[in-house]
Amino acid sequence: MPKITIQDIATRAGVAKSTVSRFLNGGSVSAKTRTKIEAIVDAAGYQPNVFAQSLKQQTTRTIGVIVPRLDSYAQTEMLHGLDDANQDDVFLIMNTYQVEATVQKTIQQVETLRLSGLIIFAANLSDATKKMIAELDVPVVIQGQDMPEFSRVVVDDGLAGAQIGQLAANAARVLMISVDPLKDFEIGQIRYQATRFQLTGVVDTVYADFSLNSAKQLTAEALATNHYDAIIAMTDLMAAGALQSLLADHRRVPEETKVLGFGGTLISDLAAPNITTFAFDYYRVGQEIYELFKEQQTNPEVKSVRVGGKLVIKQTS
């Protein structure tokens, strides 16, 4: 017989997953709902996850943290914030190298590793992976993608895109270096569209792979046929690649071409000239992730937290 999950019980009872969680943890539910859930649980022979139940007694203190890569300023700053907000929990950091099959293998190990829950730094997740997450009987918090079915912490890409876009609003021709929305919807769609909406001139869009070299090559190819008054890259690293191509082509920055990025990462200061950017507060994101996770242990209602940042004007604009 297939294992029945809290989500299955909730669907059969016609109630929210959080209601079933409250029932299983001795929380308050109506008499009618309690009777309905009890009948489904008894009929299915449901056995609750003992590790999830132990959360209320705080006997399980290890939180799995799935990260797609560790060579990222944003990731390390979020982990720093997460660690500083820590209240004597233990973090098990698992690097998946941006391979979704590895994410799925890690999710399958939640019970084996006796994890009290998961924090997932995510790009896009497939429907199969989302289903695996939904079937877990422990708290899960997602970072990076605004997935309405899960509690999550995201940066305000709409605000960031609007402010960066305004700096190039009147540019006659703009090159936008984006990423495939299928690989990262928040950056490739939400951030991109919020920026694009502000632009009134001609816009050429190319898709890079998050790397400096990819953005550098794409910019060089674009410059071979067009002049751009502004180049907007969806990350600081890609903006640095674009800047290198401009300087190699003897273009004056920002007199001939502005260069704008996102993130507020160290590369925006290390590049010469320094890159104008929208600086996200990644450290605070990490703190918010931990606070939301702790809240989920006692109140599993789905919740979204959005963290902003600030526009930082530097030498490339």
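**Sheet and helices**

Tutor: This is a predicted model.

Student: How do strands E6 and E8 pair, parallel or antiparallel?

Tutor: Strand E6 (residues 173-179) and strand E8 (residues 230-233) pair in the parallel sense, over four bridges.

Student: In what order do the strands of the open sheet come?

Tutor: The sheet has six strands, in the order E7-E6-E8-E9-E10-E12, and their pairing is mixed. At its edges are strand E7 (202-208) and strand E12 (309-312), each of which pairs on one side only. From one strand to the next, the twist averages 15 degrees.

Student: Which strands does helix H10 lie across?

Tutor: Helix H10 (residues 212-223) lies across E6, E7 and E8, and runs at about 145 degrees to E7. Helix H9 (residues 185-196) also lies across E6, E7 and E8, together with strand E9 (258-263) and strand E10 (276-280). The angle between H9 and E6 is about 165 degrees.

Student: What about helix H13: what span should its 17 residues have?

Tutor: At 1.5 Å a residue, helix H13 (residues 282-298) should span 24 Å; its end C-alpha atoms lie 25 Å apart, which agrees.

Student: Which residues of H13 are buried?

Tutor: Among them are Tyr-282, Val-285, Ile-289, Leu-292 and Phe-293.

Student: And the whole chain, how many helices and strands are there?

Tutor: The chain has 13 helices and twelve strands. Of its 317 residues, 50% are buried.

How values were computed. Residues numbered from 1 in each chain as written. Predicted model: local features only at pLDDT ≥ 70, side-chain atom pairs only at ≥ 80, totals over all residues. Heavy atoms only, no water. Pairing = 2+ DSSP bridges. Helix = DSSP H or I, 4+ residues; strand = E, 2+ residues; numbered from the N terminus. Axes fitted to C-alpha atoms, helices over the stretch in contact; angles between N-to-C directions. Contact = heavy atoms within 4.5 Å. Expected span 1.5 Å × (residues − 1). Buried < 20%, exposed > 50% of the residue type's maximum accessible area, 1.4 Å probe, protein only.
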